[in-house]
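Student: Could we go through this structure together, slowly, before I write up my notes?

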Amino acid sequence: MWTREYSPGGAWQFWSLGRPKKEIVRLVEDASFPADGLSAVVLGCGVGVEVDYLARRAGAGAAAAAAGMAARAPANCVAGVDFALPAVQRARDSYGATDGAFFHHADVLRLPAPRAPLDLVVDNTVLQNVLRGEDGDLDRYLGALRRISLPGHTVLNVNLMSQEGFLQQPGFAECGEALNLPLVRAEQISAALGGDWEVLDQREGLYDLSPEAVGIECEAFYEFGGSATPGIPSHWLLLRRRAGPEPDGEKSTLWQASWRTVGRQRLRWLIIVR
Ligand SMILES: C[S@@+](CC[C@H](N)C(=O)[O-])C[C@H]1O[C@@H](n2cnc3c(N)ncnc32)[C@H](O)[C@@H]1O
């Protein structure tokens, strides 16, 4: 289904508006990232806009402000994962040359453990689709999150389309049925993630969507998100993996991070093995 949406005539421009999602921009502006560079993965990265943005921008502003100098990009390593091959190909064509951006064609639910810990996992809707998926998908999703995260360290940012928020805005009702969005309730998110993840912050957010891309006119998207960032209400959460023992298990060569010295700088590289 997703592969079809990224093929000619597909609906991918409904959710991919050609610029980083508003909440990712806000995260990059607000969060403190590791000074030596961020190691992150974007689950269901689509055409890679957020991967490119995180790789180029995460930590740049904060590092510069802390040092009281002009921004020099930290050595970020950001991997995007998506199981729709046309999306991954488009991402590689568009952003494959961005320093620290990597794209991997894989099912998130089957991701193996990386060799080095990830600082940040971003999920912009995989979980909401998992909740509508087949029996066992949620367990597979949670298992994958467990494998790729480090207890007490990895932060998870989810931005999922909110059922409560959508129903509260009467303007969405007229187009809601036609769109059949995989909306989620707050209680579903806490039931799914509450065991392994502690909430650091949560609020109503925005999930950018362009209804015209699927031939629907719905003013409510613009009334809620504003003319520059049309969208619908989301559940935005920042969570940290609860402290606990590191899981056993074979470390994969799918991704590896290592330190290299380039000139006088120590750089961390996340290498995706294709
Ligand atoms: C609604 S799109 C969002 C894309 C992108 N995150 C964005 O916000 O523009 C959901 C994406 O998740 C991908 N996806 C859904 N389930 C997945 C899974 N189990 N493994 C890998 N990718 C998945 C789809 O192929 C699709 O690109």
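This is a predicted model: local features need pLDDT of at least 70, side-chain atom pairs count only at pLDDT 80 or more; totals for chains, interfaces and linings use all residues.

Student: Which residues are closest to the ligand?

Tutor: The ligand is surrounded by 19 residues, and the closest are Trp-2, Gly-44, Gly-46, Val-108 and Asn-124. The elements that give two or more residues to this shell are β2 (77–82) and α6 (126–131).

Student: And how does the shell divide into nonpolar, polar and charged?

Tutor: The shell around the ligand has 10 nonpolar, 6 polar and 3 charged residues.

Student: Switching topic, which residues of α5 are buried?

Tutor: In α5, which runs over residues 85–95, the buried ones are Ala-87, Val-88, Ala-91 and Tyr-95. They lie on the same side of α5, because they cover an arc of only 95° around the axis.

Student: What covers them?

Tutor: The cover over the buried residues of α5 includes α3 (49–57), β2 and β3 (101–105).

Student: Which residues touch the most other members of the largest nonpolar core?

Tutor: That core has 68 residues, and the ones touching the most other members are Ala-40, Val-41, Val-51, Leu-54, Val-78 and Val-121. As a general background, nonpolar side chains tend to be buried together in soluble globular proteins.

Student: Now Thr-125 and Asn-180: is each one buried or exposed?

Tutor: Thr-125 counts as buried because it has 20 C-beta neighbours inside 10 Å, whereas Asn-180 counts as exposed because it has 7. Thr-125 is in the loop between β4 (120–123) and α6, and Asn-180 is in the loop between α9 (173–179) and α10 (186–193).

Student: What are their phi values near?

Tutor: Phi is near 125° for Thr-125 and near 45° for Asn-180, and each is a positive value in a residue other than glycine.

Student: Last one, where is Arg-19 found?

Tutor: Arg-19 is found in the loop between α1 (2–5) and α2 (22–30), and it is partly exposed, with 14 other C-beta atoms within 10 Å. Arg-19 and Val-49 are 30 residues apart in sequence, while their C-alpha atoms are 6.3 Å apart in space.

Terms used: Residues are numbered from 1 along each chain as its sequence is written. A residue is near a molecule or strand if its C-beta atom, placed from the backbone, lies within 6 Å of it. Helices (H or I, at least four residues) and strands (E, at least two) are DSSP runs, numbered from the N terminus. Ala, Val, Leu, Ile, Met, Phe, Trp, Tyr, Cys and Pro count as nonpolar, Asp, Glu, Lys and Arg as charged, and the others, Gly among them, as polar. A residue is buried if 20 or more other C-beta atoms lie within 10 Å of its own, exposed if 12 or fewer, and partly exposed in between; C-beta atoms are placed from the backbone. The arc is that of the directions from the helix axis to the C-beta atoms. Two residues are in contact if their C-beta atoms, placed from the backbone, lie within 7 Å. A nonpolar core is a set of buried Ala, Val, Leu, Ile, Met, Phe, Trp, Tyr and Cys residues joined through C-beta atoms within 7 Å.
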